[in-house]
Amino acid sequence: MRYQISGKQIDIGAALQTHVKTEMDETLSKYAGRPTEAYVVFSKSGHEFVCESVVHLSTGLTAQATGKANEIYAAFDSSSEKMDKQLRRYKRRLKDHHAGRPQPVELSDAGSYILEPRDESEEAAQDTVNAMIVAEMETKIPSLSVGEAVMQMEIASASVLVFRNEKHSGINVVYRRDDGNIGWIDPRTSG
């Protein structure tokens, strides 16, 4: 497993890095047989330390957790507990999907853009829409089943997930509806 442990404007010592690797290995060995990489970033917000952890699993799932505390080790422990809780909640589903998938999830490259919001009065005055691109990044689109996509969205606490449907290789979207249910958009089935 590959680790990337860093700090935003704070130094991360060797002892903390060893602690992070040991604890993450212990947590992930209980739930995920083949984690591929983990990113742990420490930062300071006012008087508190913040630890943001992201783990990519070979099943295509990404688990994320954030912890805050007055001490840096306590911030990591808080983040680790939240990640443990997420993975424990989905343990059965993780193992079911993991067993049926002999190869890691395939990821496709895609562009990701952040657009500046426009004032409605400006849009009405213009004939064309010229949105200002604020940021341009590369992102990965996983090839998943619909069930795996819903689980990934729930684990990441996201409101929407774009994925490549394994059955027909088309781009699909799952999203959390205002009524609490999950919506699924599959353009291939529309007439």
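Select D84 to begin; D84 lies in helix 2. Helices are DSSP runs of H or I with at least four residues, strands are E runs of at least two, and both are numbered from the N terminus. This is a predicted model, where local features need pLDDT of at least 70, side-chain atom pairs count only at pLDDT 80 or more, and totals for chains, interfaces and linings use all residues. Residues are numbered from 1 along each chain as its sequence is written, and side-chain values use heavy atoms, with hydrogens and water left out.

**Along helix 2**

Is D84 buried or exposed? D84 is buried, because its relative accessible area is 12%. Buried means under 20% relative accessible area, exposed means over 50%, and partly exposed is in between (1.4 Å probe, protein chains only). Now show the neighbours of D84. Leaving out residues up to four places away in sequence, D84 touches T27, K30 and Y31. A contact means heavy atoms within 4.5 Å.

Move to E81, also in helix 2. E81 counts as exposed, because its relative accessibility is 57%. Draw a line from E81 to G67. Their C-alpha atoms are 8.6 Å apart in space, and the two residues are 14 apart in sequence.

Next, select A74. Helix 2 spans residues 72-89, and A74 is placed in it. A74 has a relative accessible area of 31%, so A74 is partly exposed.

Select I12, in the loop between strand 1 and helix 1. I12 counts as buried, because its relative accessibility is 16%. Which residues does I12 touch, not counting those up to four places away in sequence? They are I5, S6, G7, Q17, F42 and I72. Take I72 from that list. I12 and I72 are 60 residues apart in sequence, yet 9.6 Å apart in space, C-alpha to C-alpha.

Stay in this loop and select Q9, which sits between strand 1 and helix 1 (14-31). Q9 is exposed, because its relative accessible area is 85%. Check its backbone: Q9 has a positive phi of about 60 degrees although it is not a glycine. Most residues other than glycine have a negative phi.

**Two further stops with positive phi**

Jump to S169. The loop that holds S169 runs between strand 7 (160-165) and strand 8 (171-176). S169 is not a glycine, but its phi is positive, about 65 degrees. With a relative accessible area of 45%, S169 is partly exposed.

Highlight helix 5 itself, residues 146-155. How many of its 10 residues are buried? The number is 7, and helix 5 is mostly covered. The buried residues are E148, A149, V150, M151, Q152, M153 and I155.

**The second largest pocket**

Select Y39, V41, E52, S53 and V54. Of the 13 residues lining the second largest pocket, these lie nearest its centre. The elements giving two or more residues to this lining are strand 1 (2-7), strand 2 (35-45), strand 3 (48-57) and strand 4 (62-69). Strand 3 gives the largest share, 4 residues. On a 1 Å grid over the protein atoms alone, a pocket is an open set of points where a 1.4 Å probe fits, with protein on both sides within 12 Å along at least five of seven lines; lining residues have an atom within 4 Å of a point.

Colour the lining by type. It divides into 5 nonpolar, 6 polar and 2 charged residues. Nonpolar covers Ala, Val, Leu, Ile, Met, Phe, Trp, Tyr, Cys and Pro; charged covers Asp, Glu, Lys and Arg; the others, Gly among them, are polar.

**A charge over a ring**

Show the side chains of K44 and F49. The charged end of K44 sits over the ring of F49, 4.4 Å from its centre. This label needs NZ of Lys or CZ of Arg within 6 Å of the ring centre and within 35 degrees of the ring normal.

**Zoom out**

Show the whole chain. It has 5 helices and 9 strands. From the N terminus, their order is β-α-β-β-β-α-α-β-α-β-α-β-β-β. The chain has 191 residues, and 36% of them count as buried. Among contacts with a separation of 6 or more, 46% join residues 24 or more positions apart.
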